[in-house]
Amino acid sequence: MSSPAARPPSRLRSLYGRSLYGALLLVVFAGLLAPAVVGSYLLVGLQQRAGAGPDDALQGNHALVLVLALQLAVSLLLIALLLRRRLLSPLRKLMCFSDRLARGDFETPLALSAQDELGRLGEQMERMRLAIRDLFADVARREEQFRTIVTQVPGAVYRVRAGGPIEFVSDEIEKITGYPAARFMRATTEDWAAIVHPEDRRAYYRTVRDAARSGAAYEMEYRIIDAHGIERWVQEHGQPQGALDPALHGPEGVRVDGIISDISERRHDEMRIEALLAEQGAILDNVMFGVLFVRQRRIVSSNRRCEALFGYGEGEMVGQSTAILYPNREDYERTSVEQYPLLEKSMDLGEERQLRHRDGSLFWCLMSGCALKPNRANEGSIWVFADITERKLAEEKLRLSANVLEHIADGVMVLDVHGRIVATNPAFTRITGYAEQEALGRTSSLSAHGGSATESAAGTRNDPALYQEIWRELGASGFWRGEIWDTRKGGEAYLEALTVSAVRDDDGATTHYVCVFSDITGARESQIQLDHLAHHDPLTALPNRLLYHDRLRHAMARAERGGEQLAVMFIDLDRFKNVNDTLGHHVGDELLKQAAQALSRCLREGDTLARLGGDEFIVLLEDVDGEHGATRVADKLMAMFEQPFDVSGHELFVTGSIGISLYPQDGCDMHILIRNADVAMYQAKARGRNGYRFYAPAMSGDGAVRLRMEALLRRAVEKHEIYLAYQPQVEIDSGRLVGVEALLRWNSPELGQVAPSSFIPLAEDTGFIGQLGQWVLQEACRQMVAWEAQGLSVPKIAVNLSVRQFERGGMAAAVAAVLGDAGLAPERLQLEVTESAIMNTGDALQYVNDLHAIGVCLAIDDFGTGYSSLAYLKQLPVQTLKIDRSFIKDIPQDPDDGAIAIAIIQLGKSMNLSVIAEGVEREEQGAFLLAHGCNLAQGYLYGKPLAHDEILARWGGTPGA
């Protein structure tokens, strides 16, 4: 244990050594106290010495100053030494140590033995040195490991900010791009994008941008242009460190780590492999045979030809059993038993058999196969298929051809190059009369090319130059076809259709000629007759429309070249239909023939008279003196019509209406000329018939009006311009309503109220009458039901059927459908057909019976104006006769009309038919009819045609109506 006397120095040393502050206090204290003590001692001595005398005092003052100065110097020296030892020296060591650390020297230790604050600071800095040294050593190790890993990675590793700077890229980038890594370490992603191939740059930007936004990893392949200008393929794998968040990542963007690899060699290899596979595939796909690779009797692969051969799409055969190739299961199983054992013996198989197409159809195929490994055929075999259907068909055709040659109606002979016959068929004998043995070795008549044309062609009708043409064509093209005269064995000449074909060998040299011929003598005569029939009217033997058009076309061309005029005359016999209806068609035909002969006699030899059909004729006058010349001919024709025709014992007078158009005044087109002549002819008919008219432009206006009316009529129904008026039919004595007749009316906004006599014939001519008649039936039946619902019961409604409707037939089904739709009883509908329509329709009896069968009533309208056969009338199931108004208007004044009316009434009574008179307008007419037994009538006397509401207003409250 230390003594108390030793404790203070020990404490002082501890204070000096452990605390910089304490050391400074001790330094100041020692530096001031020690000199002060010494100085005080000296000063005391000096003062004692100075007390002896003045000089000593002066010396004492000097010594005092010196002592004080010395004391101060010593104090300062001690303080400086203490500061240098305790403060400046440690600080200098610390500064040097810090500089070494800044320079990266972490190996040199800090030599500082002080235990004060600087010493402890030195110890901490020394520990920091050791820690930094260890850290840098660890970093170096890690960096070495990272570089080792990076160098092992097959590509350049990078870290970038998407759309910003490149933070790191490995040295491998230089091998890929030719640029050092340092170039990119000072660059941005835009600099990298600059070397991306222009065609891939847009896709590169899009992929990186989408990945940065979503935070998803990406992979892409694209091209770059390296430092040497060479195009290289690279593959980039990138992984963004999270999705882009502007608040989190700031303007520099999200960090992306990734690897870029050079795949140029791989891509080039792939392209070479693809090209090689494509080449091999193209070879396999374009060979003429189907190829299958089969394992365990399942298809592993096939070429396109095979797929097409069996009707499958690309890749559809792969994986399927080979059973799809065979017609049935038995064939498939038999193949396994018969063929595969042979394959295992290394035998190549080949056979012809029928296989199955995808659609189930069978076709002939030559199939061959071989095993890839002997004794293991099931593990792999190659099969080749060739479609031999055409060959099989060709073989069959050859068999058929041989059979055909034996039985064909055409003669066949085969010639050698010298023109000698080397083969014939049986038809050759039938046509020529020469047996095969007689013909073989003989020189054919075609051999006239050898300089003896005159001799060979003698006695025939052929031009000797024809033979030269035949052989010239055969030499040039190997083929000739035409007609030629030949001679049978008996000397009879005949016309044959001949086809000659040269047969050439593989070198193109002609070895034979095949001649196929047929006797067309009779066909030619028939063709001449057919040509005449095709261009002439069979009844009158006059040119028909076709021949007339041809002659007119040529005549117009000649007239244009020569500046001439020609005339077209359209002739229509007036009232010719009456002759057919009264005397029969045989008389009408004979009249047409005599009229044609008479017209021909009035024309010049160069003029053309043609029959267009029916009773229409047309004349072509060439080189005519305009209107004056045409007038002379027209006058001759009119004079001819004044003469009677004696036909089958009947003296008949027939007149004609003629329309004339002139070329070129009335048109420069053939069809316009004919049309204008037709228009002029109708004008002649409109002026009373039996005359002629020249075409004038004003005449075409009537046609325009007709066309306009037709267009308006077709839209009139849907525009509700068509409506029905209803004329009452009453009992004369009581005035009771017994029915109404539905009458069609048309009120056009453009044409006004159009008369039925104008638009109904137009509807019949244009075929619109069917649609119009259907509407009338529907509307009439609907109105009957509507009146019934309103309290008016009309017993019967009469609807007229047009001639065209009746002639077309098939009305019964349509009428039954209308009645069913309206809900009207059939017996309340009366259909009216004109007498002439019944007599002029061949199947009238059948049509009327069909209508009667569905229960509707039937009436003959305008009775007395036609030519009824009473025997025929008796067969018709009609219930009513309607006396035409032409026989009513003049009774009782005209005795003839009265007699006709009485006769019709009596006829109706005798046949148990009701009779109704039309057009009754005066009381005396009604009285006359009633007096003679006709109690039913309609006309203005009993009521004009009224609208449906007017009928309801007038008859709705009438008892018995």
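Guide: We'll go through a helix pair and then some aromatic rings. Keep in mind that this is a predicted model.

Visitor: At what angle do helix 26 and helix 28 pack?
Guide: About 30 degrees, with their axes 9 Å apart. Helix 26 covers residues 769-789, and helix 28 covers residues 811-822.

Visitor: What do you call that arrangement of helix 26 and helix 28?
Guide: Roughly parallel. Angles under 35 degrees get that label. The crossing of the two helices is right-handed.

Visitor: Which residues meet there?
Guide: On helix 26, they are Gln774, Leu777, Gln778, Cys781, Arg782 and Val785. On helix 28, they are Met811, Ala814, Val815, Val818, Leu819 and Ala822.

Visitor: And by class, what is in that contact of helix 26 with helix 28?
Guide: Nine nonpolar residues, two polar and one charged.

Visitor: New topic. How many aromatic pairs does the structure hold?
Guide: It holds 13. One of them is Trp471 with Tyr513. Their ring centres are 5.0 Å apart and their planes are at 90 degrees, so this pair is edge-to-face.

Visitor: Where do Trp471 and Tyr513 lie?
Guide: Trp471 is in helix 17 (residues 464-477), and Tyr513 is in strand 15 (residues 510-519). The pair therefore ties together parts that are 42 residues apart in sequence.

Visitor: Is Trp471 buried or exposed?
Guide: Buried, at 13% relative accessible area. Tyr513 counts as buried too, at 11% relative accessibility. The cut-off for buried is under 20%.

Visitor: Which residues form one aromatic cluster?
Guide: Tyr179, Phe184 and Trp192.

Terms used:
Residues numbered from 1 in each chain as written. Predicted model: local features only at pLDDT ≥ 70, side-chain atom pairs only at ≥ 80, totals over all residues. Heavy atoms only, no water. Axes fitted to C-alpha atoms, helices over the stretch in contact; angles between N-to-C directions. Helix = DSSP H or I, 4+ residues; strand = E, 2+ residues; numbered from the N terminus. Parallel < 35°, antiparallel > 145°, perpendicular 65-115°, else oblique. Left-handed = near helix turned anticlockwise from the far one by under 90°. Contact = heavy atoms within 4.5 Å. Nonpolar A, V, L, I, M, F, W, Y, C, P; charged D, E, K, R; others polar. Phe/Tyr/Trp six-rings, centres within 6.5 Å; stacked < 30°, edge-to-face > 60°. Buried < 20%, exposed > 50% of the residue type's maximum accessible area, 1.4 Å probe, protein only.
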